[in-house]
Amino acid sequence: MEKGQEIAASDGETKGPEQHAIDVGHVEHHADGKGEDIEQKRVAVAEEVQKKSRRVAALDAFRGLTIVLMILVDDGGGAYERIDHSPWNGCTLADFVMPFFLFIVGVAIAFALKRVPNIGTAVKKIALRTVKMLFWGVLLQGGYSHAPDDLSYGVDMKKIRWCGILQRIALVYFVVALIEAFTTKVRPSTVRSGPYAIFDAYRWQWLGGFIAFVIYIVTTFSLYVPDWSFVYHNDGDVNDGKQFTVKCGVRASLDQACNAVGYIDRQVWGINHLYTQPVWIRSKDCTFSSPNMGPLRADAPAWCLAPFEPEGLLSSISSILSGTIGIHYGHVLIHFKTHKERLKHWLLMGFSLLVLGILLHFTKAIPINKQLYSFSYVCFTGGAAGIVLSAFYILIDVWGLRTPFLFLEWIGMNAMLVFVLGAQAILAAFVNGWYYESPDNTLVSNGWRLIWRKNMVYLRF
């Protein structure tokens with residue numbers, strides 16, 4: 001491939017000061033031609049710096065797509081529940097969001113920690129960023145904000161939800177980034193040729209992922225889950241205040257009631273601190289309307305009304321693998337300099353993971369399950385993420401079709417802002433905060449109606 005077609009990987013940091021420090025202006029010409037040689041060298045250096053500073057736009061577009069998917073399934077999932085999370089086994093559009101997030105976080109870590117001048121400083125930055133994400137996660141998803149429909153704030157500490165999307169991202173980021181930082185001295189500057197050379201070069205990262213995998217698998221299939229009980233809380237419901245008991249007494253269960261993932265969360269966090277509206281209430285065991293929401297069956301088991309944490313502790317340990325796959329794709333982008341090399345490795349790995357996940361699911365060895373973050377789910381979604389990133393890379397960075405994806409790029413470069421305002425309903429809550437006479441008379445809650453007068457004259461649009 002011609003040199004002009006190559007794109008050097010970049011962490012996206014601004015190189016402005018470095019470029020300005022290079023003088024490519026007027027040079028006095030000497031008879032021996034040395035002046036021209038010096039000028040040519042300086043121009044070559046400036047061009048090299050400029051080339052290295054180019055962002056790989058596909059990464060921003062991928063991150064933007066993930067944010068758009070999250071907002072789409074959050075807002076549209078209620079109206080069209082087939083794109084919402086799968087009630088249990090299986091994978092829907094919404095189930096790709098979390099692993100795609102973790103995948104691109106892994107890719108970003110590879111660039112952010114490409115060079116680590118001081119390990120102590122890097123660890124402090126990693127810890128600080130982790131604490132920030134944990135804080136915002138608890139604030140936005142712990143129950144403190146009731147946005148957008150309820151303008152009140154505050155949470156009962158006896159019922160605060162400790163887990164959530166940002167908390168899971170924080171855990172994965174912390175583990176994967178620490179491994180990357182601490183192994184900086186054993187990482188190669190170049191990778192030797194060979195199909196497995198890059199895996200060997202970053203074996204410590206894969207070892208971290210393997211340890212997470214072993215912890216998850218051993219715990220899932222060996223932990224004994226006893227019977228458990230809960231009190232259902234839902235004002236106005238006929239079952240409000242009733243206590244239910246779920247019969248288990250088993251090991252290695254992957255069903256809704258008796259899996260090790262739920263058991264660990266009940267023991268670690270307490271049953272009152274778990275998510276109270278799990279999607280399994282739309283499963284066939286709970287309603288005849290499955291996969292849509294519907295009335296409970298008369299013979300519905302007790303666990304249909306029980307809480308369950310979809311971003312729990314054990315499943316979050318498994319999700320470290322999604323970040324590990326992502327950082328591997330970032331390493332490929334850093335060390336492989338041609339489009340052909342990158343795409344060959346990305347697509348081969350992507351399709352291999354995809355096929356492995358499908359085989360595990362349809363042989364019923366390990367079903368694809370987002371709520372449990374099963375190994376087949378890691379493989380299936382990790383492979384899909386690699387294929388989607390490859391497609392973006394071909395369209396944007398190879399073929400140069402950047403304009404149609406500028407909107408996704410902008411969202412990707414402002415991911416945290418869009419996530420908080422859009423996916424966490426802060427923008428909708430701000431709009432709802434402007435009401436007429438009653439908090440029920442808002443622009444959002446009344447179907448985007450514009451109040452014209454006190455006599456309730458509306459202009460519909």
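Start with the contacts in the protein. Among those with a separation of 6 or more, residues 24 or more positions apart account for 69%. Keep in mind that this is a predicted model. The protein has 461 residues, and buried residues make up 47% of them. Its secondary structure comes to 15 helices and eight strands.

Begin the tour with two helices. Helix 5 covers residues 119–141, and helix 6 covers residues 165–182. Their axes come within 8 Å and cross at roughly 175°. Angles over 145 degrees count as roughly antiparallel. Helix 5 and helix 6 are therefore roughly antiparallel to each other. Which classes of residue make up their contact? There are 19 nonpolar residues, four polar ones and one charged one.

Is I165 buried or exposed? Its relative accessibility is 14%. Buried means under 20%, so I165 counts as buried. Look next at what surrounds I165. Set aside its neighbours within four places in sequence, and I165 is in contact with M70, M98, Q141, E311 and F419. I165 and V138 are 27 residues apart in sequence, and their C-alpha atoms are 9.5 Å apart in space.

Helix 9 spans residues 260–268, and helix 10 spans residues 313–335. They pack at an angle of about 120°, with their axes 7 Å apart. That angle makes helix 9 and helix 10 oblique to each other. Which residues make the contact? Helix 9 supplies A260, V261, I264, D265 and V268. Helix 10 supplies L313, L314 and S315. By class, the residues of this contact divide into six nonpolar, one polar and one charged.

Turn to the aromatic rings. A pair of aromatic rings is described by the distance of the centres and the angle of the planes. The structure holds 19 aromatic pairs. One of them joins F210 and F213. Their ring centres are 6.2 Å apart, with 35° between the planes, and the pair is tilted. Where do these two residues lie? Both are in helix 8, which runs over residues 203–222. They sit three residues apart, about one turn of the helix. F210 has a relative accessible area of 47%, so F210 is partly exposed. F213 has a relative accessibility of 23% and also counts as partly exposed.

F213 has a further partner. F213 and F375 form a tilted aromatic pair, 4.8 Å centre to centre with 55° between the planes. F213 belongs to helix 8, while F375 belongs to helix 12, residues 375–398. The pair therefore ties together parts that are 162 residues apart in sequence.

Elsewhere, rings gather in a group. F62, F96, F100, F103, Y329, W346, F380 and Y393 form one aromatic cluster. The charged end of R266 sits over the ring of W228, 3.7 Å from its centre.

Finish with the backbone. Most residues other than glycine have a negative phi, and most peptide bonds are trans. What is the peptide bond from S290 to P291? That bond is cis, with omega near 10°. P291 itself lies in the loop between helix 9 and helix 10.

Phi of A252 is near 60°, a positive value in a residue other than glycine. A252 lies in the loop between strand 4, residues 250–251, and helix 9. At 34% relative accessibility, A252 counts as partly exposed.

Where is K364 found? K364 sits in the loop between helix 11, residues 339–362, and helix 12. Its relative accessibility is 72%. Exposed means over 50%, so K364 counts as exposed.

Key: Residues numbered from 1 in each chain as written. Predicted model: local features only at pLDDT ≥ 70, side-chain atom pairs only at ≥ 80, totals over all residues. Heavy atoms only, no water. Axes fitted to C-alpha atoms, helices over the stretch in contact; angles between N-to-C directions. Helix = DSSP H or I, 4+ residues; strand = E, 2+ residues; numbered from the N terminus. Parallel < 35°, antiparallel > 145°, perpendicular 65-115°, else oblique. Contact = heavy atoms within 4.5 Å. Nonpolar A, V, L, I, M, F, W, Y, C, P; charged D, E, K, R; others polar. Phe/Tyr/Trp six-rings, centres within 6.5 Å; stacked < 30°, edge-to-face > 60°. Buried < 20%, exposed > 50% of the residue type's maximum accessible area, 1.4 Å probe, protein only. Lys NZ or Arg CZ within 6 Å of the ring centre and 35° of its normal.
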